[in-house]
Amino acid sequence: MQKQEQPVVVMKGIVKEFPGVRALSGVDLELFPGEVHALVGENGAGKSTLIKILMGVYTKTEGEVYINGEKQEVKSPLHAQSLGLGAVYQDVNLAQHLSVAENFFMGQLPRTRFGTVDYQRMYRETKETLDSIEVHVDPRALVKTLSVAQQEMVAIGKTMHQKARAVVFDEPTALLTADETEQLFRIIDKLKKDGVGIFYISHRMEEIFHICDRATVLKDGTFVGTVKISDTDEDGLIAMMVGRNVEDMYQIQHAEPGEVVLKVEHISRGTAFQDISFEVRRGEIFGMFGLVGSGRTEIVRAIFGADGKDGGKVTFMGKAADFTRPQQGIQAGIALLPEDRRAQGLALGMSVADNTNMVAVHKISRYGVIDNRKGVQIAKNYAKKLRTKTPTVFQRVKNLSGGNQQKVVISKWLAQDSGLFIFDEPTVGVDVGAKLEIYKVFEELVKEGKTIIIISSYLPEVMGLADRMLILYEGHQMGILSKEEFTDDNIMRYASGKNGGKSEYGKERA
Ligand SMILES: Nc1ncnc2c1ncn2[C@@H]1O[C@H](COP(=O)(O)OP(=O)(O)OP(=O)(O)O)[C@@H](O)[C@H]1O
Ligand SMILES: [Mg+2]
């Protein structure tokens, strides 16, 4: 980053008001060519809103935007694109039903001299760009057939093809594996060398300290400050974000485990997972770790009844529990917080209160009549407990920030008062302070004698929270480690399939 250069982006005094919510009040931001600039702050601080204003998705209420020194009113995403701005959002903004190449050339299809679309040229140029960042995807493939990671890489390729001078990444690693994250960082490095300015939004401190040059901190829509990363450390940045020190993230009081509540014996399904056996006790936090694609999500979905299984046996609370429908799992007292919260977890058009009470509706009904006051009270309690940022519990969930939507999903399952809580990636997109709130809730649950299964790709989280950990590799059970056996090396060796089979402990359990 060279200061004497002209910034690619300057935002001055940005204010954004939504009905009843002042999302941004006077935020300043500048981005230089070749700079990776982090945007950090708690859930609902205004990061995504600021970026959406820059990208022409929202119109600002007040303030000024300069691109390459010229004042601009960014009217639409297409306008932003023509000004040299690109964006890679978490919920990827590609046209799903079009091919990769068509997405690259959207709005500017090349023509042959006969006036027809020059597909050959489109495919060739698309491939060249993707090759340059080592992304091996067929330019002819429809976007909807690609994995999330591939779609994200395609979205980056598209910004390069369009020669964007500033690119925004909004929580780009949330759904990526460790390898994919490494690949992303290599691409960002390349963009940086080419003089592209980058805004990088993430809740993962280690990433910010790994790749960013400066960070701008937002709090409740206000501008806290911009710091050089080399002048601060994680604690310093977190203190700016939350206004206090967050320590001892994983100081969970563990309960003394009681009797076995869940017994899983030799369950399998196709190639998704084979011969999985484990037991979980009352009051225990049982971790499941493995790389994306290792079968973690599939296994818990089979236990819950969301997917079937081909063989094996599940016993819950002493009763056969070979569920084939989620309703059976719910009735038996199992809650599953799904990984894909947008698709499976929420009714986005409905209110916070309605979402909170969606599964526990029987608890607020009498003789078939829903007691709305009670429902509202329950929703208020959980919003307070998890510090969900929303003007009221009547707000539609789609108007909440990403992390606050996640808190509503958690509330919904807590309200159901289950015996076994299965949390699949519960803290993706959740800020550091809110993570702590969620861990406190876990602590309360186990104290009350509930049982938790937690799936997380974030190793410090499973290591910190779990009493024992089942490790999976490509659908196979590699072992069950006890807390004393948790070390990074140990776990990664198992998770990469290198321990050559079950650990002694795993064998004994199986
Ligand atoms: N369309 C909308 N209507 C009403 N309020 C909104 C809308 N979009 C965002 N908000 C509110 O604006 C504030 C800022 O939200 P924003 O999505 O920018 O937060 P964020 O910093 O990106 O948070 P997260 O880390 O959770 O993604 C929040 O209080 C949110 O509820
Ligand atoms: Mg956001």
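## Ground rules

Two strands pair if DSSP finds at least two bridges between them. Helices (H or I, at least four residues) and strands (E, at least two) are DSSP runs, numbered from the N terminus. This is a predicted model, in which local features need pLDDT of at least 70 and side-chain atom pairs count only at pLDDT 80 or more, while totals for chains, interfaces and linings use all residues. Residues are numbered from 1 along each chain as its sequence is written, and chains are lettered from A and ligands numbered from 1 in the order in which they are written.

## Confidence

The mean pLDDT of the chain is 89. pLDDT is the predictor's confidence in each residue, from 0 to 100. A value of 70 or more is reached by 94% of the residues. Residues 501-510 stay under 50. For this stretch the model has 19 contacts beyond four places in sequence. A contact means that the C-beta atoms of two residues, placed from the backbone, lie within 7 Å.

## Domains

The domain assignment gives domain 1 (9-242), domain 2 (255-333 + 419-510) and domain 3 (346-417). Such bounds come from an automatic or database domain assignment. The centres of domain 2 and domain 3, taken over C-alpha atoms, are 26 Å apart. Their contact takes ten residues from domain 2 and eleven residues from domain 3. On the domain 2 side, helix 15 (residues 432-447) gives the largest share, four residues. That side divides into seven nonpolar, one polar and two charged residues. Ala, Val, Leu, Ile, Met, Phe, Trp, Tyr, Cys and Pro count as nonpolar, Asp, Glu, Lys and Arg as charged, and the others, Gly among them, as polar.

## Around ligand 1

Ligand 1 is surrounded by 19 residues. A residue belongs here if its C-beta atom, placed from the backbone, lies within 6 Å of the molecule. The closest are N43, S48, T49, S401 and G403. Strand 2 (21-31), helix 1 (47-54) and helix 14 (402-414) are the elements that give two or more residues to this shell.

By class, the shell has five nonpolar, eleven polar and three charged residues. Domain 1 and domain 3 both contribute to the shell, so ligand 1 lies between them.

Strand 13 covers residues 285-289. Five of its five residues are buried, so the strand is largely enclosed by the rest of the structure. Buried means that 20 or more other C-beta atoms lie within 10 Å of a residue's own; exposed means 12 or fewer, and partly exposed is in between, with C-beta atoms placed from the backbone. Both faces of strand 13 are covered. I285, G287 and F289 are buried on one side, and F286 and M288 on the other.

Strand 13 pairs in the parallel sense with strand 20 (residues 451-455), over four bridges. Here I285 stands opposite I452. Strand 13 also pairs in the parallel sense with strand 21 (residues 468-473), again over four bridges. In that pair, G287 stands opposite M469.

I453 is found in strand 20. This residue counts as buried because it has 25 C-beta neighbours inside 10 Å. Leaving out residues up to four places away in sequence, I453 touches V280, F286, M288, V300 and I422. L336 is 117 residues away from I453 in sequence, yet their C-alpha atoms are 9.3 Å apart.

S456 sits in the loop between strand 20 and helix 16 (459-465). S456 is buried, with 22 other C-beta atoms within 10 Å. With residues up to four places away set aside, S456 touches E425, E461 and V462.

## The hairpin of strands 21 and 22

Strand 21 and strand 22 pair in the antiparallel sense over six bridges. I471 stands opposite G479 in strand 22. Two residues lie between the strands of this hairpin, where E474 takes a positive phi near 45°. Strand 22 covers residues 476-482. Five of its seven residues are buried, so strand 22 is largely enclosed by the rest of the structure.

## Positive phi elsewhere

Most residues other than glycine have a negative phi. D220 has a positive phi, near 45°. D220 lies in the loop between strand 9 (214-219) and strand 10 (222-228). With 16 other C-beta atoms within 10 Å, D220 is partly exposed.

H266 also has a positive phi, near 50°. H266 is in strand 11 (residues 260-269). H266 counts as exposed, with 12 C-beta neighbours inside 10 Å.
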